[in-house]
Amino acid sequence: MQFHHYGYVSGDPRVQPAAGVGIDRPDELPDQVDVLIVGSGPAGMVAAAQLAQFPGVRTRIVERRGGRLEIGQADGIQARSVETFQAFGFAERITAEAYRITEMAFWKPDPDDRSRIVRAARTVDDPTGISEFPHLIVNQARVLDYFAEFAANSPARIRPDYGYEFRTLAVTGEGEYPVAVTLVHTTGEHQGEERIVRAKYVVGADGARSAVRDAIGAKHLGVKAFHAWGVMDTLAVTDFPDIRTKCSIQSEAGNILLIPREGGYLFRMYVDLGEVPPDDHGAVRQTSLEQVIAKANEILHPYTLDVRNVAWHSVYEVGHRLTDRFDDVPVDHEGGRAPRVFITGDACHTHSAKAGQGMNVSIQDGWNIGWKLGYVLDGRSPERLLETYHAERHVVAKDLIDFDREWSTLMAKKPEEFDSPSELEDFYVRTAEFPAGFMTQYAPSMIIAEATYQELATGFPVGKRFKSAPVERVADGNPVHVGHHHRADGRWRIYAFADPAGSGTSDASALAEWAKWLAEASDSPLLAFTPEGAELDSVFDVKVVYQQDHTAVDLGKVPDVFLPRTGPFGLIDYEKVYATDPRNDIFELRGIDRGGAVVVVRPDHYVANVLPLGATGELADYFRGLLLPR
């Protein structure tokens, strides 16, 4: 973490100075806003946290509850989400309080006595090292707390406006604030009263029964699987030996997915309640907690479960639904006008909870739309950037629905219905990269380039998330992960991987020529898109990684573009110059050509372009297509 560049900081360095709309921010919800976010769940809170880094954008987030969420239904945190937490500055803190999944146990009927269950297999949770970050379990409410803290400590000082329920909206197309939103007070002296708030853009993050989705006429399409599960967060005494291990339990009486929770005692059980007749009309949802507990004991035989306390429970039917569009532009009018209303998270995609995807995919929805709205409203990008939200996230949601349909079907199978005894655990291992959040690959667009030069950095596929790797920081020799310094501050990252001659000891290198162009050329994106008077790295965070170790790099000869001056005192930022860690050579780990390469990464961590050091014209053209001159 870097601070003191604006002067000595004696307090919490995570609290950034207020700026723009964050200065003297009114407590009362104003009548006009730039962005109105409806719902403070994962997608809404992440969008607010990202927009809080844009102090020129007036963002408010409304929530029908009277205060913070206390018990969240989602709890699975995949590694991609922990990477995201790192960008927002709280990965270490939330990991310390979370439960970490390291393996999964599979229990099945005993071949000698099928009325009993036995442990049949154990699988490592991340056998291939998909990420350096762990797979966690932690209450959704705590995740929201951390994002809320980040938003409140950011320059725009965003805090939820509790006690407002969304009723409807109308896109009038008139004036500077063309979306009229009707809200109703749910608490306080004005309870039941309506009011109108006008916005430039609206983000609907209001859950599976989204009223924003209904207001724009989007269709939530899909079917039920006619299979019910009881779920409970439980404190219990049991002789089941794997109670603190994630388990898939298959028995003659049904199935259980067991997930230990944070805190050392709590665990969650998804208990199979069986098939639901088509004419059930929701009656299965009246299944009592006592019935769910009795069913769990039946499945666990010969082990017993003595439930002492249940923090939360529910009964649900598996359903898979995908909304036809994620914004207010009709499908047959795409490209005809810019969208004004967007939906995110469960408002777009609903599925079973057993793959642990709901909160994780919602987080990426919120980050995706958050930085794009910030760029458009801050005058950095044209409005057509917003069209890429639906184009990118709808495909991801469809893939999620397809994956979850297969996984939840397997989870509901009876032991005798499997093609092989290890089918379930084989599927779990084979598909590990998808639920971890790393299969997303965005298609070419105005912000994702064609992978013309992919062979220069095979470990950084264009369109996929930037997979970090160990490096050495030259200034102090510290080993660090290069991607961990990619903060959710709205900036683009440009990583220059040096050619062999570019060690900081010679001007005759491809890297030196590239750095000179970036610092001086008229078509350099650094000069074209950095606002006059702003700090050199306010839009682009430019970093260099040398092929040598840190002792072979002379900081005195590193090009100035990698050592920008910052703050009112013009202090040098030394944390953009890296060398190769001899024990974990990033060039080898990520397939980077020894002749050098440039890797461009979006504000939300996705690789946007890979180019040779000499392709300066192509780099300039790329940014001209998505950014506006300042």
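Which residue in strand 25 does Val 545 stand opposite? In the predicted model described here, local features need pLDDT of at least 70 and side-chain atom pairs count only at pLDDT 80 or more, whereas totals for chains, interfaces and linings use all residues. Residues are numbered from 1 along each chain as its sequence is written, and side-chain values use heavy atoms, with hydrogens and water left out.

Val 545 stands opposite Tyr 578 in strand 25. Strands (E, at least two residues) and helices (H or I, at least four) are DSSP runs numbered from the N terminus, and two strands pair if DSSP finds at least two bridges between them. Strand 22 (residues 540–545) is joined to strand 25 (residues 577–579) by two bridges, and the two run parallel. With strand 21 (residues 492–497), strand 22 pairs over six bridges, also in the parallel sense; here Phe 497 stands opposite Val 545.

Six of the six residues of strand 22 are buried, that is, under 20% relative accessible area with a 1.4 Å probe and protein chains only. In a regular strand the side chains alternate between the two faces of the sheet. Phe 540, Val 542 and Val 544 point one way from strand 22, while Asp 541, Lys 543 and Val 545 point the other way.

Strand 3 and strand 7 (residues 135–137) are joined by two bridges, and Gly 76 has Ile 137 of strand 7 as its bridge partner.

Helix 2 (residues 79–87) packs against helix 7 (residues 358–377) at an angle of about 40°, with their axes 9 Å apart; axes are lines fitted to C-alpha atoms over the stretch in contact, and angles run from 0 to 180 degrees between N-to-C directions. The contact (heavy atoms within 4.5 Å) involves Arg 80, Ser 81, Thr 84, Phe 85 and Ala 87 of helix 2 and Asn 360, Ile 363, Gln 364 and Trp 367 of helix 7.

Conventions:
Buried < 20%, exposed > 50% of the residue type's maximum accessible area, 1.4 Å probe, protein only.
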